[in-house]
Amino acid sequence: MANYFEKLKSLSTKAYAPYSNFHVSTICVLKDGTEVNGVNIENAAYSVVLCAERTCLAQVYTLGYRKADIKKLFLYTDSNQKGSPCGMCRQFLLELIDHDVPLEIYNKKGESYVVTIGDLLPYGFTKEDLK
Ligand code: THU
């Protein structure tokens with residue numbers, strides 16, 4: 001299997017993060033073998049910042065893929081701690097990936113853990129709640 005830690009670390013150098021200097025990268029592996037990348041993109045108006053998870057998934061959908069096509073997500077953050085998707089990204093992922101898709105999350109030391117969006121956002125708000 002490809003070394004996703006090295007790929008993620010290298011991809012994270014593409015982040016545009018002049019304000020936080022905190023680099024995040026995401027690789028979405030699709031069932032057809034395609035890999036789609038994302039990095040965080042910051043802005044002087046801080047609330048406009050896009051996280052790596054969202055730039056990645058937006059591209060996946062722009063390419064025409066949908067949740068049934070998604071096999072796995074890999075995430076990397078510049079943290080010495082475990083790293084974890086923010087609340088906004090959890091809501092975004094809850095809508096756009098199956099709830100049992102593995103998310104393998106790496107920190108800068110190469111330590112990793114695997115969770116699902118179902119684990120990270122139980123009782124989340126979905127389209128079912130609009131009914
Ligand atoms: N960030 C992400 O890209 N993903 C997350 O889930 C957590 C935070 C980015 C946003 C901002 O550019 C920087 O990390 C610091 O918060």
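Modeller: We shall discuss the annotated site and then the aromatic pairs. This is a predicted model, where local features need pLDDT of at least 70 and side-chain atom pairs count only at pLDDT 80 or more, whereas totals for chains, interfaces and linings use all residues. Residues are numbered from 1 along each chain as its sequence is written, and side-chain values use heavy atoms, with hydrogens and water left out.

Biologist: Which residues does UniProt place in the feature "binding site"?

Modeller: UniProt positions are given in the numbering used here, with shortened feature names, and annotations may be inferred rather than shown by experiment. The unreviewed UniProt entry places "binding site" at N40, I41, E42, N43, A44, A45 and Y46. Of these residues, N40 and E42 are included in the lining of the largest pocket. A pocket is an open set of points on a 1 Å grid over the protein atoms alone, where a 1.4 Å probe fits, with protein on both sides within 12 Å along at least five of seven lines; lining residues have an atom within 4 Å of a point.

Biologist: Is A44 buried or exposed?

Modeller: Buried means under 20% relative accessible area, exposed over 50%, and partly exposed in between (1.4 Å probe, protein chains only). A44 has 58% relative accessibility, so A44 counts as exposed. Y46 is also exposed, at 60%. Helices (H or I, at least four residues) and strands (E, at least two) are DSSP runs, numbered from the N terminus. A44 lies in the loop between β2 (35-39) and α2 (52-62), and Y46 is placed in the loop between β2 and α2.

Biologist: How many aromatic pairs are there?

Modeller: Rings of Phe, Tyr and Trp (its six-membered ring) pair if their centres lie within 6.5 Å; planes under 30 degrees apart count as stacked, over 60 as edge-to-face and the rest as tilted. The count here is four aromatic pairs. Y4 and F74 are stacked, because their ring centres are 3.8 Å apart and their planes stand at 5°. Y4 lies in helix α1 (residues 4-12) and F74 in strand β3 (residues 70-77), so this pair ties together parts 70 residues apart in sequence. Y4 is buried at 8%, and F74 is buried at 2%.

Biologist: Why is the pair of Y19 and Y46 tilted?

Modeller: The ring planes of Y19 and Y46 are at 55°, with centres 5.7 Å apart, so the pair is tilted. Y19, in the loop between α1 and β1 (24-30), is 27 residues from Y46.
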